[in-house]
Amino acid sequence: ADVNLVISGRSNGKSYSALKYVLEDFKKNGKCFVWVRRWHDDVKLSKSQKLFLPLRNEIVKMFGTDYDVVYQNGNYYLVDPDGDKTVIGYIVALSDSHHLKSVSFVNIGTIVYDEFIRQAQAGEKVLPDELGRWESILSTVIRFHTDIKIFCLANTCSKYAPLLQYYKIPINTMKIGDIFVQEFPTEAGTLKVACEYAEVSKEVKKKTSKYILDSDMILSGEW
């Protein structure tokens, strides 16, 4: 699908899988990625520089022992054994969309919107004109491309999310394990959208169930 929404319980490997995918896409096709979060605080240095830390072993397998991925000024670089850096991706905040209109994003293959469903229980709110900001970022990044893959990842925190409505996902009738696919005719062709309500990993459930007594979202992925 062109747009892939994946929702599930927490710690189910959604972000890890997406990060591995963008690394593989760069290695195989030389394509870069754009990682999107909702708030500016989500893309600050202290958080952004840790994005690829869990994938150290994957980086070694794909590129070699002396390679690394580092963050600097909104960009992610692959660093080779000689210290030379190559841009492989970017990180942006949806709340900063109005600042990005003049920014150039080169050779993009993937856009990932991580945590697209707000944490309602923690008091998080959606952005004013969140869909307008999303469309603005898509317009800025995609330009004239028609071969970009979009992944939108989220925990089952709340059934209210602008993107679920935007892509007409029937979230109230979907059950764990369901995959909903829909096509939208556009002037540039057909947009194919898929939404997976993924099962929680048995390994994750086993590890967390001892310490978490009553959370359907974490233990089973239910709302």
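**Exercise 1. Find which residues of H1 meet which residues of H3 in this predicted model.**

*Step 1.* On the H1 side, look for Tyr16, Lys20, Leu23, Glu24, Phe26 and Lys27; their partners in H3 are Glu58, Ile59, Met62 and Phe63. Contact here means heavy atoms within 4.5 Å.

*Step 2.* Sort this contact by class: six residues are nonpolar, none is polar and four are charged. Ala, Val, Leu, Ile, Met, Phe, Trp, Tyr, Cys and Pro count as nonpolar, Asp, Glu, Lys and Arg as charged, and the others, Gly among them, as polar.

*Step 3.* Now the geometry: H1 (residues 14-29) and H3 (residues 56-63) pack at about 20 degrees, with axes 11 Å apart. That makes the two helices roughly parallel, a term for angles under 35 degrees.

Residues are numbered from 1 along each chain as its sequence is written. Local features need pLDDT of at least 70, side-chain atom pairs count only at pLDDT 80 or more, totals for chains, interfaces and linings use all residues, and side-chain values use heavy atoms, leaving out hydrogens and water.

**Exercise 2. Explore the largest nonpolar core.**

*Step 1.* A nonpolar core is a set of buried (under 20% relative accessible area, 1.4 Å probe, protein chains only) Ala, Val, Leu, Ile, Met, Phe, Trp, Tyr and Cys residues joined through side-chain atoms within 4.5 Å.

*Step 2.* Among its 38 residues, Leu5, Ile111, Phe116 and Trp134 touch the most other members.

*Step 3.* Helix H4 gives the most to this core, with five residues.

*Step 4.* Pick Ile111: beyond its neighbours within four places in sequence, its contacts include Val34, Val36, Trp134 and Leu138.

Note on methods. Axes fitted to C-alpha atoms, helices over the stretch in contact; angles between N-to-C directions. Helix = DSSP H or I, 4+ residues; strand = E, 2+ residues; numbered from the N terminus. Parallel < 35°, antiparallel > 145°, perpendicular 65-115°, else oblique. Buried < 20%, exposed > 50% of the residue type's maximum accessible area, 1.4 Å probe, protein only.
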